[in-house]
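Try each task before reading its solution.

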Amino acid sequence: MSTTTIRLPQDLKSRVAAAAERAGTTPHGFILEAIAEKTDREERRADFLDGAEKRYAKIVASGKTIPWKKMRAYLEARVAGKPAARPSARKLAR
């Protein structure tokens with residue numbers, strides 16, 4: 001395991017120590033967990049944006065989309081447990 005030094009302002013260091021104590025861990029463990037959580041969140045955000053870009057590229061390439069009003073009605077019916085026909089994509093109006 002490598003070592004990294006971080007410089008914390010005294011007020012943040014005190015807050016981290018207090019939060020770590022409340023969480024029942026050490027300041028070191030608290031900081032590691034915070035870094036892991038932030039890293040995970042950023043990776044999930046990047047995956048989300050990548051997926052959105054791919055979906056948008058598919059829409060642009062095909063020129064087809066489903067109007068939100070129809071998709072919303074379909075999703076609401078599905079959530080309510082009602083049978084619903086999946087709406088079909090149509091050419092995007094320009």
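**Exercise 1.** Find which residue takes a positive phi just after α1.

*Solution.* Just past α1 sits Gly24, with a positive phi of about 75 degrees. A word on the setting: this is a predicted model, in which local features need pLDDT of at least 70 and side-chain atom pairs count only at pLDDT 80 or more, while totals for chains, interfaces and linings use all residues. Residues are numbered from 1 along each chain as its sequence is written, and side-chain values use heavy atoms, leaving out hydrogens and water.

**Exercise 2.** Check the span of helix α1 against what its 14 residues should give.

*Solution.* First, take the expected span as 1.5 Å times one less than the number of residues. For residues 10–23 this gives 20 Å. Next, compare the end C-alpha atoms of α1: they are 20 Å apart, which agrees.

**Exercise 3.** Work out which residues of α1 are buried, and what they pack against.

*Solution.* Begin with the cut-offs: buried is under 20% relative accessible area, exposed over 50%, and partly exposed in between (1.4 Å probe, protein chains only). Val16, Ala19 and Ala20 are the buried residues of α1. They cover an arc of only 100 degrees around the axis, taken from the directions from the helix axis to the C-beta atoms, so they lie on the same side of α1. The buried residues of α1 pack against α2 (27–62), contact meaning heavy atoms within 4.5 Å. Turned away from that buried side is a face with the exposed residues Gln10, Asp11, Glu21 and Arg22.

**Exercise 4.** How many salt bridges are there, and which residues form them?

*Solution.* Apply the rule: a side-chain nitrogen of Lys or Arg within 4 Å of a carboxyl oxygen of Asp or Glu. The count is 3 salt bridges.

- Asp40 pairs with Arg44, the closest N and O atoms being 2.9 Å apart; they are 4 residues apart in helix α2, about one helical turn.
- Lys54 pairs with Asp50 at 3.2 Å between the closest N and O atoms. Lys54 counts as exposed at 55% relative accessibility, whereas Asp50, at 38%, is partly exposed.
- Glu76 meets Arg72 at 2.8 Å, N to O, and both lie in helix α3 (residues 68–79). Glu76 is partly exposed at 45%, as is Arg72 at 43%.

Technical notes
Helices (H or I, at least four residues) and strands (E, at least two) are DSSP runs, numbered from the N terminus.
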